[in-house]
Every structure is written in C-alpha cells, then in structure tokens.
Amino acid sequence: MIAVHRFLRSPEGLAGAGLLLIFAILALSAPFFFPRDPLSIAGPALIGPFQDWSLPLGTDRLGRDVLAGILHGARTSLTVGIAAAAAAIAFGAIVGTLAGFAGGLMDEALMRITEAFQTVPGFLLALAFVSVVGPSLAAVVIAIALAAWTGPARVARAEVLSIRERDYVASARVAGMHPLAIAFREVLPNALPPVLALSSVIVAQAILIEAALSFLGLGDPNRVTWGGMIAEGRAVLRSAPYLSIFPGIALVLTVLGVYLAGEATVEASAVRKGIA
Amino acid sequence: MTRTLLLIRRRLVTSIPVMIIVIIGTFLLLEAAPGDAVDAYVVSTGGDAGLIEALRQRWGLDQSPMTRLATYVWALLHLDLGYSVTFSRPILDVILERLPNTLLLMGSATALSFGLGSLLGVAAGAHPGSFRDRFLSIGSLALYAVPGFWLGLVLTVIFSVQLRWFPSSGIETIASGKSGIARALDIANHLVLPVAALGFIYLALYLRMMRAGMAEVWRLDFVLAAKVRGISRRRIVLRHVARNALLPLITMLGLQSASMLGGSVVIETVFSVPGLGRLAQEAVAGRDTPLLLGIILVSAVLVIVINLIVDILYGVLDPRVGSGEAAT
Amino acid sequence: MLAGTASLLASTALPSIVRAQEPKTGGRLIAAADSEPRNLNPAIVASNGVFFVASKVVEPLAEASFTGENGLEPRLATSWEGSADGLSVTFKLREGVTWHDGKPFTSEDVAFSALEIWKPLQNLGRVVFKDLEAVDTPDAQTAVFRFSRPTPFQLIRNALPALTSVVPKHIYANGDIAENPANNAPIGTGPFKFAEHKPGEYYRLEKNPDYWGDGLPNLDEIVYRVLPDRAAAAGALEAEEIHLAAFSAVPLADLQRISQVPGIEVISKGYEALTYQLVVEINHRRKELADLKVRQAIAHAIDKDFVVKTIFLDYATAASGPVPHNSTEFFAPDLPGYAFDPARANALLDEAGYKRGDNGTRFSLKLLPAPYFNETKQFGDYLRQALAEIGIDAELVNNDVAAHQKAVYTDHAFDLAVAPPVFRGDPAISTTILVQSGIPDGVPFSNQGGYKNAELDALIAKAAETLDPAARIALYRDFQTKVVEDLPLINVAEWGFITVARNSVKNVSNNPRWAVSNWADTWIDA
C-alpha cells in the first residue's frame, strides 16, 4: 500500500503510467476504430497529415492509413516489448538465482553459458537468429529475449551472492528450509528489485531492436510495427518526414512511459524494502 | 599484483569453455539457416546447375557439417581463422582491416556515453528530484528511445547535408593520400556523427545508472553519518556518493562492450563505416560461417580483455572486493 | 528508337548530351556503389553489379548504342558477320590495342576468352556458346567462331555487349581461372585501369593513357564509393561528396524532391538495354494455382496502373507480356491483356470452385517477394492486399537473399513469389528461362514453379536454332501470345533504373547500357 501511495506521489511515475495507459487504450481500441487490416490500401498514396479528415495522419507510400498503422502498431510494439522482456527477465532471474545460490559447479556451468551469450553481441545474435528462422513476430521476440536475458541473470546472481550471506537467509537455513525454497522464496524476491529495474531497459530495447531489424529488412511483413513504419518512412525522410515522425513520437513516448513507470515502481518498492 | 595475475589467469581459464560454447553455438545456428554461401552468391551472378555444383565443391560445402566443424576447429587450434569464400581472402586479413575502424568507433562512443553520461548523472543525482535532475533524466531517456538508425539519418541530414559541417559517410576521405596528423584529423572529422549517434544512445544508460546509484547511496548510513558530521554537500556528492555509485557503472561498461558492437551494425550501415558490425551483417547475409565465427571470436577476445580491465578497475575502486577490509 | 518507355518524366530527364560542349579532360568522378561483387571478372560473371565497375576496365567486342546498326557500336571488334549456315561468325578485331600491362591484344585472347571462360564458366555464355566448338585465328586481327550446330547470328549479336568481355590469355592461361588474382584486380583493354579496392570503402580506377580511343578517356580517375544504405546516396549527392548515383541508388520516392535541388539532375535514360521485369512467379505444384482460371483471376486482381503510378512513381511501364515494350525487335504489340477487374476475378474463382468461406477467404497462400529491390517488396505488400480483395489470404514471407534463393529456386517452398528478372536483349537468354521446363533445381531466376508445357518447350527449342531473324522473331511472338494465354507467370511491369547526377557530369546516359558501359567520353565540367 505504501508502495502504491509512494508511486502515486511521484510525478514521473504518474506521467509514465499515464502514457502507458494511453497507449494501452489505443492498442486495445485499434480493432474497434480500424477493423480493416491496417496494411490495406485506404486511399491515394502520400497524403500529408491533417489534410483529409478521414485520414487524419495521412497515408504512406502505398496509401495505407498512418493513424491505423500507429494504433495497430501499438499492439505489436507493446506485445513484442513486453513478451520479450518478460521472457528475458524470467529466464535470467531463474538462471542468476540458481547460479548464485547453488554456487560451485552449477554456478560455473551457468555462468559460462551466460558469458557465452554475452560474448556474442546481442543485436548480432538477434540478427542471425531472425535471418535463420525467418522474420515473424515470434522469432523477433525470441531473438530479443535471447539477446537480453544475460543482463538480468548477472544482476540477479550478484544480488543473490550478497543476499545469501545475510542474517535472514542464515536463519532460514538454520530453520531447515529446503535450499530451493530459500532460493526462490527468501532470496529471489529480495534480489528482484534491481533485476526488475532492468525491465524498462529491456522493454525499450526490445522495441528498438525490432525497429532496427525492420530497418535491415527483417521485420514481420504481415504486421504493422512502429519500427517497420519508421524504417519504411526513412526512404522519404526528407520529402515526407511525417511518415517516420509520427511512429517515432509514438515509440519515444511509449519507451519513456515504460521507463518512468518502471523507475517509479522500483523506487517505491525500494522504499518498502527499506521500511521492512 | 599477484591478485591481478590470478584474475587474469582465472579469466583466461574460464574463457576456454565459453569460447567452445560460442563456436559450436554459432556454427549450429548458421548451419540451420536456409541457404548456404553458394545460394547467397549465385543470386548476384546467376548460374546453372553445373556451375552451382562446382562452386559447392570448390568451397567445401559438399562436406557434412560435422566434417566442416572439425576442420574449422582443427585449423583454429593452429591459430588459423580460415578463408572467407565471400571475400576470397584469409579471414584474419579481412577482420584486421575492419577492426581498427570499429575499435575507434566503439571506443570513442563508449568514452562519450560513459564520460558525459556519468558526469550528467552526477549533476542529476546531486539534487534528486530537482528540475535539473528531471530534465536531464527525461531528456536522456527521450534520446535513448530514438532508434539508432533514425538518429543517424537525422544527424546526417542536419549536419552534413544542410550545414555541411561533417561528412555524411565513410571513415576517411577516399583515396586522399593524407597521412600523419592530417589523416588523423580527417578520420576524427568523419567519426563525429557516427560516434554521436552511437554514443548518445547509450548516454542515458550511464546517466540513469549513476543517478539511480547515487539515490541508493544517499540513503545509506555512512552518507547520513557524513551529513551529521557536517561535511559539505559537494564533498559528500563527489567523495562518497558518486564514487560508490560509479561501481555498477563500471560493471555496465563491461556488459555494454559486447552490446555496442551489435549497436554499431546499424550505425556502420547508416554511415557506411567499414567496420566489424557491418562485416558481421555481410557474413550473415552471405552465409559465410567461418567469417562470422572469426568476427565473434575476435569480438569475444575484445570483450574478455575489456572485462578483465573492468575486474581490475573494480578491485581498485571498491575496497570491499578482495582486500578483506570491510568498508563502512 | 529504343528509348521512350522508361523516360516518361522527360522534364526531369534531359540528358546533358543535348548541349554540345567541348569536353574538358581531367578530374575525378565519384560514383556510389551499393555492393562489392566477390568476383570482378565480367567474362565469368556477366551481371550488372560486376559490369558497373569492371566495364571500364575490361571491354566487350561491341557495346550497345542508340544510333549504331542493330543497336551496336564497335569496341574490341570492328566488324562481325555470321555465315548463312549459322555455323560460324567472323570478327575483325581492332588494331593497335594493348592490355593494361603493355602486351598486345590479339585474336588469341578472344579465342581463349570464348573457349576457356565464356563457354564453360560464364553464367550466360554457357547457354549462348554451348555449341561453340573452336575459334580459328588466321591472323592476329581475325577470330572465327565455329559452332557444331547452327546458332542464330541474331542471338550472338544481341549477346555481344553483355557476354563477350575479353580478358588477357597471358594472365589466365596458367592455373585455375576461378582463383586467378586478376578476378579481383581485373586487367583489360579499357579506358581505365584498375588501381585499388579498399573493401567496405571504395574502388579506384585510373586513366589508361594508352587507350585506343582517340584522346580518351576524359577523366583521370573514377572512384566508386561503397554506400550500402539506400538513404546514403541521396545525402552524399546533396553534400557534394559524390557526383553520381546510378541504378536507382536514390529511392524513387525521393526523386521528386531531389530533382528540385540545384545542381542535381535526375536522368531516366541510359538503361534501355537493361530492362528489369516485375513478375509474379507461380508454383504450379499447388493444386489451386495449377488451375488456369485461378491464375487468370490473380492477373485480373492486379492493378498494373497502381503499380506503375504508386510503386514506381511512373518510372515504369505496365507489362503486357514476357517481352518488354522497349525490345522493339521482339515485342509482340497486340497481346490479349488482363484488365484490372476484381469482379471478373471473383467470378473466375467462383467458377473454378473456390468459394469464399465464412471468413470471406477462399484459400491461403505463401507469398515470397524477392528482397533485392524496394519495389519488389512494396509490390509484395500491394499484392497481398490485392489478393485479399478477391478472397485469397496471402501470407508474406520476407527472406534475406540466400534464404529466398533457397526457398524459391531450390526447395520450391512458395506459392507465389515476386521476382525482378532482367531482359537481356534476346528472349533466348532471359525470359524463356522462366517458362522452359526441365531446368535443374537451384538455378536462380529460372522456371522453378513446376510449370511444364510441351508446346512452349518446343517453341523455345525451335527458336534457339532458327537462323532466319524474321522467322525467329515470329516464333518468339508466338511464344509471347501463348505465355499470356496460359500464364506460367504473370508479367506486371517493366522498368529501367534512374541515374541521379550532379549536372557538372557530362555525357551521362548516352547509350542504352550507360551505367555498365566504359564511360570513356564522360567528363566533368569543373
């Protein structure tokens, strides 16, 4: 409760939550306002924004409705970001906790694998993975998670290493709790805040990696994503800048929202920890 | 001293299994890719069945994947990175040609983002919640949220097409015949925009980590104690808060070294910088498995070296590690 | 004569040759290059990516021309003549030509190139010169090609610009031709010598002071700057870092704007002999697509006008059949067409028995647009929507180059694909390959859709050995009619590329293969 209270008192947190709420509503309402495929051709090509009120943000190179693209794009971009971050953090936190808590050979083995993944530049791994599997939304999500889980794993492990020597862990041991139970009930929750602090970075990066993959021609062509829209608009960056600016603004605002809300949450929960 | 040596030895010993995992993993990944180097090649040339068969044989692609992996590893044990069929040159040559450009780009961008990021982070974290803090952290975030390629394109349009301050692409003036300082200046001039595009993206990371770290440290007992003792705020910020908040940033530096190479793929493409990132992309597109393996091996060595330095730095900066004396 | 179709925006396309000016000599021309071919030997790899750089160094026997007889002008050969029986062709070679290393150029070099490289190694030469038995060299300036079976002289003539790059025998005679270092640093007779290649950065060519052309070349140097990103060329042109971007390196959508920039010209001439065709490849193994009515319905669903206007921004022509309009020699003018008519398309699909299901969909398809051009990908996006209108649900699969090649041409893992084949001046070495059956798996830009039509196969085979040009043309016109009737593939549009250059560059686009010709007379008005 105190955490929620604290969160609500932070203007950044509120702003972030507000932004996210707006985009979540946009994403959910997209099929209601634009039941047609957002990739369908809605009018003449390259109508500027605010000229034709049936197409308020104008049309792109093929005559697709930019506003429909942005609303539907919110769905895919948010899905990609959240799914990839959730997968990366869950996997990373488990690996990190196991490694840090078990120590010994297990730690060695897990950390070597983590390092192997870290050694390969994340974007490169994502690029190679999508090239191999073929561009689809699922492939993009898995590729980003593959590239992003090592951060949470390392942070979780470092945190676990310091926590496992603390008094309450020692007393849990004395009380005879199962090591796995200690790891996941006592240690992990306390190790989680700094790991979750990474979630905003990962969501943001996921959305950006998706954009960069689209830029290199590896986006899912059957879905609208903001990244894909920006990448397509860049050919006409000079003559029709709005084509990359509108999705660009949506992307920046969403990432900002994710960040601000994420950070306020972390701060609020840090205070809770301090009080507990 | 011995501690550092031990650290180096441990790093080297642990990197061997890491490298084995990386080699096998990368090899299998590219092996699973649809199409091989010959498919990628004949697209640009055309060719009939006989030509294609002959090429597969010439490039050794008619052998089984396991045979090729074994051949590759055997050569690697003799410090031979192999031969690139897409460039028809030894892989080591191809990589060494590109490596300096990438090192320059990454090094400068890291210096920019780390230096400016931590400085601004201190400025923001010194007065948590102030206008300056909010402006800096939100501003840097907005920058972080801009896709790298888009930032690059916009910088090009403004600074090279409109203002003509900096060249739009390349690493140096082509075939200029410059040497010495003139050449260094020329390269620096070409690097400004790509370094800015790459560095500004990561700026927010350091700025916000620094700021978040400082916020944590502010709450710690020893800072409170220092406050109680009446030490000036500036002194507290620099000596106690910032110094302690710097540690996770240094860890981040190690972590980011690999990810920056990934980020440079896109930046190198936008600015036509002939670096490792673009080479890696070409290797994937051309299905040149040995070349991609070579690049990843070289970047792995880089990452290991950087992390080693980070470990050592960490030991120097954080009295809690290793020395046994518990601080505060 | 050959011009016209591609140069629709004449107002922005005034080539600089119009103003007759005294050429200035000297200077460095900087052009954008978007790729770096692995092998720069045009005798082995006859492709535009290679020619773009190598054609300045290594010359063919003849080059395409707007004004010359049969659309040709002499290069290393000064005359060519086919025998009536189609069994021999006699080339008279230019005198006083030397290789860049100083050795004289002789008929021996032509004989060697033809027999050891064009015929066994070159992607297209393997078709055209398959029956070449010997090359007689009665003297240093005469080469007589002898064929074991009658080979149409018309085909040989049409193949001269692209297929007959001559390389020096004394460089290639020893060792493995495919691994010869000269493949990466070519040695030729052309107006420019190959100087250096800095991978990822540039190619540099230097003036050949001993060039046979009188007072040519005008330029001292040509530098190709490697700019892999498509948005980079426009910026570099505006920033005056490069002079010239050929092959539509500046995206079509940006041309309108860049044509307004002072000092920059947009030129659509100079690609008449390099026409690309936008085609929909069809996998006839798919039950639905094996039905002619379904193929006709798809043809009726495509609004070619939209494709030309919106995707190609009028820098293209709607196709009527497998031979492009600007091939005046072979083009059949009165082909039946498939007008844009979704209602008719829907009716045809109903007739074929593919009724719409509850969700409005008749059946689903996999659509693979080729990744090589922006336009092929955009057309893929469009086609998916056009098919949705007639109840066909197409799933787009965007592969990279290698994966596309493997999926379409080796594994046949597609239903529809979008391809941009090149028309190479003669149906025998281009468009027929997409129709003919019996081509082994894995050959790019060939019929891999499982289409088999004995009648068309027979036509193609007959045309390949018909000597009389008029009879041969008649056969190919027949071929076009049958292809349009039976739709082994759907031809949508044909386009040439666009050159954007600073207007200080003169003599741009003064032949139909300008971007891949030798640029000897190009000069810079500094």
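Two strands are taken to pair if DSSP finds at least two bridges between them. Helices (H or I, at least four residues) and strands (E, at least two) are DSSP runs, numbered from the N terminus. The model is predicted: local features need pLDDT of at least 70, side-chain atom pairs count only at pLDDT 80 or more, and totals for chains, interfaces and linings use all residues. Residues are numbered from 1 along each chain as its sequence is written, while chains are lettered from A and ligands numbered from 1 in the order in which they are written.

In chain C, strands β9 (residues 202-207) and β10 (residues 221-226) pair in the antiparallel sense over 5 bridges. C:Glu206 has C:Glu221 of β10(C) as its bridge partner. Both strands belong to an open sheet of 7 strands with mixed pairing, ordered β8-β9-β10-β1-β11-β19-β12. The edges are β8 (192-198) and β12 (264-267) of chain C; each has a single partner strand, so one side of each lacks a neighbour in the sheet.

Chain A meets chain C through 20 residues, against 22 on chain C (contact: C-beta atoms, placed from the backbone, within 7 Å).

Helix α5 (residues 122-133) of chain A approaches helix α10 (residues 233-270) of chain B. Their axes, lines fitted to C-alpha atoms over the stretch in contact, come within 6 Å and cross at roughly 55°. A:Gly122, A:Phe123, A:Leu124 and A:Leu127 of α5(A) meet B:Ala258, B:Ser259, B:Gly262, B:Gly263 and B:Val265 of α10(B).

Helix α8(A) is followed by A:Gly176, with a positive phi near 85°.

Terms used. Two residues are in contact if their C-beta atoms, placed from the backbone, lie within 7 Å. Axes are lines fitted to C-alpha atoms, for helices over the stretch in contact, and angles run from 0 to 180 degrees between N-to-C directions.
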